[in-house]
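Biologist: I have a structure to go through with you. May I put some questions to you as we look at it?

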Amino acid sequence: KEAHMEEISGAPLTKTIRELEVGQTASFPIERHGSVKAIVSRMKMEQIRIGWCATIDVNYDTFEVEVRRTR
């Protein structure tokens, strides 16, 4: 079963991404792509001991960046 977390306008990116549980997703405006990519990369290194991992998908039709927590 897939959980989904909608981005609240103005919500801090790092806090939103950090609070994702495995299987949850968060969507952000495409303009935030660079910041989202940097945060996910940093989180992977900071949380490497617990195996934290997430994927990033860009939807060019809806102009959104989606982060999905995988581990």
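Biologist: Which side chain does Lys 15 meet in a salt bridge?

Modeller: The side chain of Lys 15 meets that of Glu 19, at 2.9 Å from N to O. A salt bridge here is a side-chain nitrogen of Lys or Arg within 4 Å of a carboxyl oxygen of Asp or Glu. Please note that this is a predicted model, in which local features need pLDDT of at least 70, side-chain atom pairs count only at pLDDT 80 or more, and totals for chains, interfaces and linings use all residues. Residues are numbered from 1 along each chain as its sequence is written, and side-chain values use heavy atoms, with hydrogens and water left out.

Biologist: How many salt bridges does a search of the whole structure find?

Modeller: The search finds three. Another one joins Arg 42 to Glu 46, where the closest N and O atoms are 3.3 Å apart. Glu 66 also forms a salt bridge with Arg 68, at 3.5 Å between the closest N and O atoms. In general, side chains of opposite charge can pair when their charged atoms come close.

Biologist: Where do Arg 42 and Glu 46 lie?

Modeller: Both are in helix α2, four residues apart, which is about one turn of the helix. Helices (H or I, at least four residues) and strands (E, at least two) are DSSP runs, numbered from the N terminus. Arg 42 is partly exposed, with a relative accessible area of 37%, and Glu 46 is partly exposed at 44%.

Biologist: And what is the pattern of the chain, read along the sequence?

Modeller: The pattern is α-β-α-β-β, with two helices and three strands in the chain.

Biologist: Changing topic, which residues have the most contacts inside the largest nonpolar core?

Modeller: They are Ile 17, Phe 28, Val 36, Val 40, Trp 52 and Val 67, in a core of 13 residues. At least two residues of this core come from each of α1 (13-18), β1, α2 (33-46) and β3 (64-69). The largest share, four residues, is supplied by α2. A nonpolar core is a set of buried Ala, Val, Leu, Ile, Met, Phe, Trp, Tyr and Cys residues joined through side-chain atoms within 4.5 Å.

Biologist: How much of the chain counts as buried?

Modeller: Of its 71 residues, 28% count as buried.

Biologist: Where is Ala 26 placed, and is Ala 26 buried or exposed?

Modeller: Ala 26 belongs to strand β1, residues 25-29. Ala 26 is buried, at a relative accessible area of 0%. Ala 26 and Arg 68 are 42 residues apart in sequence, with 6.7 Å between their C-alpha atoms. Arg 68 counts as partly exposed, at 24% relative accessibility.

Key. Buried < 20%, exposed > 50% of the residue type's maximum accessible area, 1.4 Å probe, protein only.
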